[in-house]
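Dear colleague,

Please find the structure below, as promised.

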Amino acid sequence: MGFRGERASAPASANACLEIGACRFKLGSGPMLGVDLQLPVTRTLGVGVSGGVARPAHVTCTRACTSTDRVTAVHASLLLLWRFKARAPIYFGVGPTLSWINPGPVQTWDTTAVTEPGAALVVGYDFGITPTVGGRLAWWNYLTKPSDASLPATLTPSGLAWDKAFSFGLRFGLHKWAGR
């Protein structure tokens, strides 16, 4: 499940929102499916690669927000992961991310795919289910620079878009299947 940040806004004088204040263009919530691969480097430090595909809604706001259709959003991240203690269930991660959104997040103007670079931050909690399978809860944060490639002059791109996702997943230790 993801919650998406604002991508652009229009001042009250812009044709897009003459009647009531400023318009805001953002992506709404939607389902997300992802995969994480992690490799421990030490007992408390590791690296990870994460990818996810989401289907958030286009959202346009004046006094009230409306959503009309869905876009495809893909996130790919490379993470440095750590725990404060080797057996601690809580972990943290930070690293670069790249978001690809098709069609672009600003309805009407972004008709082709856009790419947004940024940073990913994650806080997660691991727990055991069986001796070989574990569970994971994670709060993902993607801070990206919104694309302004196809925006008209009447719209101002946001300085930073904050996309968020809450995830639940299963963990499988590959070393158990490799016979180690």
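In which sense do S10 and S11 pair, and over how many bridges? They pair in the antiparallel sense over 11 bridges, where two strands are said to pair if DSSP finds at least two bridges between them. Before going further, please note that this is a predicted model, in which local features need pLDDT of at least 70 and side-chain atom pairs count only at pLDDT 80 or more, while totals for chains, interfaces and linings use all residues. Residues are numbered from 1 along each chain as its sequence is written, and side-chain values use heavy atoms, with hydrogens and water left out.

The strands

Strands here are DSSP runs of E with at least two residues, numbered from the N terminus. A hairpin of 4 residues joins S10 to S11, and within this pairing Gly 118 has Thr 144 of S11 as its bridge partner. S11 is also joined to S13 by 12 bridges, and these two strands run antiparallel; there, Asn 141 has Lys 164 in S13 as its bridge partner.

The nonpolar cores

A nonpolar core is a set of buried Ala, Val, Leu, Ile, Met, Phe, Trp, Tyr and Cys residues joined through side-chain atoms within 4.5 Å, and buried means under 20% relative accessible area, exposed over 50%, and partly exposed in between, with a 1.4 Å probe and protein chains only. The largest such core has 9 residues, among them Leu 79, Tyr 91, Ala 120 and Trp 140. Strands S8 (72-82), S10 (114-128) and S11 (133-144) each supply at least two residues of this core, and S11 gives the most, with 3 residues. Ala 120 touches, among others, Ser 77, Leu 79, Gly 93 and Tyr 142, when residues up to four places away in sequence are not counted (contact means heavy atoms within 4.5 Å). A second, separate core of 7 residues includes Ala 10, Cys 23, Leu 151 and Leu 155.

The aromatic pairs

The structure holds 5 aromatic pairs, where rings of Phe, Tyr and Trp (its six-membered ring) pair if their centres lie within 6.5 Å, and planes under 30 degrees apart count as stacked, over 60 as edge-to-face and the rest as tilted. Trp 82 and Phe 92 are stacked, because their ring centres are 5.9 Å apart and their planes are at 25°. This pair links distant parts of the chain, with Trp 82 in S8 and Phe 92 in S9 (residues 90-102). Trp 82 is partly exposed at 27% relative accessible area, and Phe 92 is partly exposed at 22%. Phe 127 and Phe 168 also form a stacked pair, 6.4 Å centre to centre and with 25° between the planes; here Phe 127 is partly exposed at 26% relative accessibility, whereas Phe 168, at 56%, counts as exposed.

A loop residue

Ser 158 lies in the loop between S12 (156-157) and S13. With 13% relative accessibility, Ser 158 counts as buried, and its contacts, not counting residues up to four places away in sequence, include Glu 6, Arg 7 and Lys 145.

With kind regards
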